[in-house]
Amino acid sequence: MASIEPYTNNGGKRYRVLYRTPERKQTQKRGFKTKRDAELFLASVEVSKAKGEYIDPAAARVTIAELGPAWLGRQTHLKPSAFRPVESAWRIYVLARWGSVAVSDIRKTAVQQWVSELSSGDETTKPPRRPKGATTVIRAYGVLAAILDEAVDDRRILTNPSRGVNLPRKVKKAHVYLSHEQVHELAAVSKYPLLVRTLAYCGLRWGEATGLRVCDVDTGRGRLNIEQNAVAVGGKIIVGTPKNHRRRSVPFPRFLADGLAAECAGRHREDLVFPGPDGSYLKTARVHDDNFSWFASAVRKADVPRITPHDLRHTAASFAVSAGANVKAVQRILGHSSAAMTLDVYADLFDDDLDAVSVALDNAYSRSGVAKMLPNA
């Protein structure tokens, strides 16, 4: 049974409420100046218990710094390349701002202010805080929101105060599509010409190309079997499955067959097709330093638009579409999770399909009886 008892301290007479939690655990709340205040608190506790909305005050006092590491440790579904930016977002942005704050003390307005400050920066601080990109802000917010979601699930707070805040919009970078001639020029002046052509015509991700083994090349069928992905994480190469864990078979044009066969000749089946100078995995080609990046140097020499190795996937998609490949074929080549994703990413490549629809509708109308009935239409 709940009860209200008076007691005396240095501040005079006070009241405490003795009650049981839904788990039948005896607890209390002290410090009420009037019996009326104590009665109102007890009534609110009984109502919250009846509605299933009771929150243990002790559980609500836990801080983000206490919950964050455990949440981070449960993200075992993420690949190392995906986990690293999440861990950085937690450490640099979430822990620094919210680490000492109890989950019950977080307010939606404070979260909105934090998101706005990350997006706009602050020139008045020393050193000045520069504005963060939309991807960084959304990732940091996502970490905080996910931790608070678990706090809701564990009955530490009733609702997630971070949900519903306004987030910055990601601005999609315009795709750069090279022509066949530009790809030829880029390959001709690069250190790894066959690798450049393979990226531009097969649409492989960088890690998929550098992780390609001799046994993955099927010159008879004209296929590259994408079985693994070599990604740089914290300066180390981590080898795992392709993105989304989806293995796939990618066709390559016949004019690449001789070059690929030559690269594979005399090598063990587990050897890399495009190894680095030391025979191990080729490291990421940097694009901002001509003196240390073979790819950036080749881009400058070939006088093509400034691109990254990943941008050659866009070129591969454009070549496939212009050659008549449908969206499902392009999806399989690029390894997208769905055709809808391919359409979202490369909607501009299918503009000609809209023109074809217009022509088809006009032809159908012309063949119909309506066209003869309305000669002036």
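## Aromatic rings

Tyr19, Phe32, Phe41 and Tyr54 are joined into a cluster by ring pairs, where rings of Phe, Tyr and Trp (its six-membered ring) pair if their centres lie within 6.5 Å. The model is predicted, so local features need pLDDT of at least 70 and side-chain atom pairs count only at pLDDT 80 or more, while totals for chains, interfaces and linings use all residues. Residues are numbered from 1 along each chain as its sequence is written, and side-chain values use heavy atoms, with hydrogens and water left out.

The structure holds nine aromatic pairs. In one of them, the ring centres of Tyr201 and Phe255 lie 4.9 Å apart and the planes stand at 85°, so this pair is edge-to-face; planes under 30 degrees apart count as stacked, over 60 as edge-to-face and the rest as tilted. The pair links distant parts of the chain, since Tyr201 is in helix α8 while Phe255, 54 residues apart from it, is in the loop between β8 (248-251) and α10 (257-264). Phe255 is exposed, with a relative accessible area of 52%, given that buried means under 20% relative accessible area, exposed over 50% and partly exposed in between (1.4 Å probe, protein chains only).

The rings of Trp206 and Trp294 have centres 6.4 Å apart and planes at 35°, so they form a tilted pair. Because Trp206 lies in helix α9 (residues 206-210) and Trp294 in helix α11 (residues 294-302), the pair ties together parts that are 88 residues apart in sequence. Both Trp206 and Trp294 are buried.

## Helix α8 and Thr198

Helices (H or I, at least four residues) and strands (E, at least two) are DSSP runs, numbered from the N terminus. Helix α8, residues 193-202, is mostly covered, with eight of its 10 residues buried. The buried residues in α8 are Leu194, Leu195, Val196, Thr198, Leu199, Ala200, Tyr201 and Cys202. Just after α8, Gly203 takes a positive phi of about 70°.

Thr198 belongs to helix α8 and is buried, with a relative accessible area of 1%. When its neighbours within four places in sequence are left aside, Thr198 is in contact with Gly203, Leu204, Leu224, Leu256, Leu260 and Phe274, contact here meaning heavy atoms within 4.5 Å.

## Packing of α4 against α5

Two packed helices are described by the angle between their axes and the distance between the axes. Helix α4 (residues 80-98) packs with helix α5 (residues 108-120) at an angle of about 140°, their axes being 12 Å apart; axes are lines fitted to C-alpha atoms, for helices over the stretch in contact, and angles run from 0 to 180 degrees between N-to-C directions. That makes α4 oblique to α5, as angles under 35 degrees count as roughly parallel, over 145 as roughly antiparallel, 65 to 115 as roughly perpendicular and the rest as oblique.

The crossing of α4 past α5 is right-handed; a crossing is left-handed if the near helix is turned anticlockwise from the far one by less than a right angle, and right-handed if clockwise. Tyr93, Val94, Arg97 and Trp98 of α4 make the contact with Ala110, Val111, Trp114 and Leu118 of α5. These residues divide into seven nonpolar, no polar and one charged, where Ala, Val, Leu, Ile, Met, Phe, Trp, Tyr, Cys and Pro count as nonpolar, Asp, Glu, Lys and Arg as charged, and the others, Gly among them, as polar.

## Packing of α12 against α13

α12 and helix α13 (residues 327-334) pack at an angle of about 150°, with axes 10 Å apart, and are therefore roughly antiparallel to each other. Their crossing is right-handed. On the α12 side, Arg313, Ala317, Ala320 and Val321 meet Val330, Ile333 and Leu334 in α13, and the residues of this contact divide into six nonpolar, no polar and one charged.

## Leu72 in helix α3

Leu72 is placed in helix α3 (residues 64-73) and counts as buried at 11% relative accessibility. Not counting residues up to four places away in sequence, Leu72 touches Phe83, Val86, Glu87 and Trp90. Leu72 and Ala146 are 74 residues apart in sequence and 10.0 Å apart in space, C-alpha to C-alpha.

Most residues other than glycine have a negative phi. Arg24, although not a glycine, has a positive phi of about 70°; Arg24 is in the loop between β2 (12-20) and β3 (26-32) and counts as exposed at 58% relative accessibility. Asp303, also not a glycine, has a positive phi of about 55°; Asp303 lies in the loop between α11 and α12 (311-322) and, at 67% relative accessibility, counts as exposed.
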